Amino acid sequence: MAFKGIDFYNIDELLTEEEKLVRNSVREFMENEILPLVADAFHNEEPLNMREIAPKMGELGLLGAFLPEEYGCPGASYTEFGLICQEVERVDSSMRSFVAVTSGLVMYPIWRYGSEEQKRKYLPKLAKGEIIGCFGLTEPNHGSDPGSMETTAKRDGDEWILNGTKTWISEAGIADIAVVWARDVDDGKVKGFIIERGTKGFQQNEIKRKGSMRAGDVGELGLVNCRVPEENRLPEAKSLGAPLSCLNQARYGISWGAIGAAMDCFETALNYTKDRKQFGVPLASFQLVQEKLVKMFMEITKGQLVAYRLGRLMDEGKATTEQISFAKKNNVAVARYCARVARELLGANGISLDYSPIRHMANIESVYTYEGTDDIHTLILGRYLTGYQAFRREL
């Protein structure tokens, strides 16, 4: 059955024709080319072949959508990028993760903090999907607290020597370049580096046996006396604020993507309960079932309005970190709720990979955790409301 979507408050009327065209073209691509592959990839834990898929995404303008045309990027709006993320994650979170990581965590820092030479060397190829990138911030001992990172960088003439480990890195196993963050042992400041695949002392490993994001590549980056030339340092990245600003870009994409996953779960449950009969009547005719469908419908509608307004604020350059955290926290919680309830409404069939909710349910657990856990976003908003930061206690 063709996807109808939810538009109870007529958000479509607020979108430009270009924005609707972008959404519809991405929807068609994801449904026709990616959706048929996802369930098997998830079941077998064999990541989709991004070497084949990335150029197709690049051709459609999905990668680095909001970055300027002068660097070979689409030059689209943030709202268009949000709609892209919505349609991609409606099929699978790992695919939206690829789009958001490439755009917000790899291309954005190169554009925002890189040299002119770095921008012209890497951005056009990333936008076309000719090369794949990853973002190395999270470490084995430091996820929510990147300020305590242990990865170090030591200047040695015209080179930097990097040592450390990054883990739970999307596309780590296949990336051609990695944007890696390390603490300068001399001045203590966090700096960013572009490390190319094959660099001596640089290791890339895929993490297996995952219960979530099984259709995508996730792995570790190892740095053992890895020498990176000064020309590969991001010259404008001079503090921890640089990687944190990149996280805002990715969190924005998640706020739209999560609603895409929620919409798919709702649509699946709605169609199933209308078709499935118990006690001689459709499941959808029972009051308890309707209550669950209505709650999903309401939460998705509220999440859509949050995402839409945030998109316009991003386009105007007015969005704050707190507003982005609010959208990420709220909309991922919506997706988590809808996945669980949709699975429930499908009964025993809900655990079958022939239906999408159980896959979304597993994937959203990762989304709930990465790019700032739900608790971290709570503390960001708590700091905004009270003026007190509660991230750390002196023991």
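In the predicted model, the side chain of Asn-331 makes a polar contact with the side chain of Asn-330 at 2.8 Å. A polar contact is a pair of N or O atoms within 3.5 Å, of which, within protein, one must be able to donate a hydrogen and the other to accept it; residues adjacent in sequence count only if both atoms are side-chain atoms. The side chain of Asn-331 also reaches the backbone oxygen of Ser-255, at 2.9 Å. Asn-331 is found in helix H8, residues 321-345. Helices (H or I, at least four residues) and strands (E, at least two) are DSSP runs, numbered from the N terminus. With a relative accessible area of 0%, Asn-331 is buried. Buried denotes under 20% relative accessible area, exposed over 50%, and partly exposed the range in between, with a 1.4 Å probe and protein chains only. Apart from neighbours within four places in sequence, Asn-331 is in contact (heavy atoms within 4.5 Å) with Ser-255, Ala-258, Ile-259, Gly-303, Val-306 and Ala-307.

Because the model is predicted, local features need pLDDT of at least 70 and side-chain atom pairs count only at pLDDT 80 or more, whereas totals for chains, interfaces and linings use all residues. Residues are numbered from 1 along each chain as its sequence is written, and side-chain values use heavy atoms, with hydrogens and water left out.

A polar atom of the Gln-118 side chain lies 2.9 Å from the backbone nitrogen of Ser-115. Residues touched by Gln-118, not counting those up to four places away in sequence, include Ile-110, Leu-123, Ile-194, Glu-231, Asn-232 and Arg-233.

The whole structure contains 30 salt bridges, each defined as a side-chain nitrogen of Lys or Arg within 4 Å of a carboxyl oxygen of Asp or Glu. One of them joins the side chains of Glu-19 and Arg-312, with an N to O distance of 2.7 Å. Glu-19 lies in helix H1 (residues 17-44) and Arg-312 in helix H7 (residues 287-315), so this pair ties together parts that are 293 residues apart in sequence. Glu-19 is buried at 4% relative accessibility, and Arg-312 is buried at 16%. The side chains of Lys-121 and Glu-196 form another salt bridge, at 3.1 Å from N to O. Lys-121 belongs to helix H5 (residues 116-128) and Glu-196 to strand E5 (residues 190-196), so the bridge connects parts 75 residues apart in sequence. Lys-121 is partly exposed, with a relative accessible area of 42%, and Glu-196 is partly exposed at 28%. In the salt bridge between Arg-233 and Glu-230, the closest N and O atoms are 2.9 Å apart. Here Arg-233 counts as buried at 16% relative accessibility, while Glu-230 counts as partly exposed at 24%. Salt bridges that share partners also join Arg-27, Glu-31, Glu-87 and Arg-90 into one network.

Helix H1 has 28 residues and should span 40 Å at 1.5 Å a residue; the end C-alpha atoms are 39 Å apart, which agrees. The expected span is 1.5 Å times one less than the number of residues. H1 bends by about 50° at Ile-34, and Pro-36 follows within four residues. The bend at a residue is the angle between axes fitted to the seven residues ending there and the seven starting there. Buried residues of H1 include Glu-19, Val-22, Val-26, Phe-29, Met-30, Ile-34 and Val-38. The buried residues of H1 pack against helices H2 (50-60), H3 (78-91), H4 (93-113), H7 and H9 (357-369). Just after H1, Glu-45 takes a positive phi of about 50°. Helix H3 is mostly covered, with 14 of its 14 residues buried. From first to last C-alpha, H3 reaches 20 Å, close to the 20 Å expected.

The UniProt record, an unreviewed entry, places the feature "domain: Acyl-CoA oxidase/dehydrogenase middle" at residues 134-225; such annotations may be inferred rather than shown by experiment, and feature names are shortened and positions given in the numbering used here. This span is 0% helix and 52% strand, and its end C-alpha atoms lie 20 Å apart. Ala-182 is in strand E4, residues 177-184, and counts as buried at 0% relative accessibility. The C-alpha atoms of Ala-182 and Met-149, which are 33 residues apart along the chain, are separated by 7.3 Å. Leaving out residues up to four places away in sequence, Ala-182 touches Met-149, Thr-151, Thr-152, Ala-153, Leu-162, Lys-189, Val-190, Lys-191 and Phe-193.
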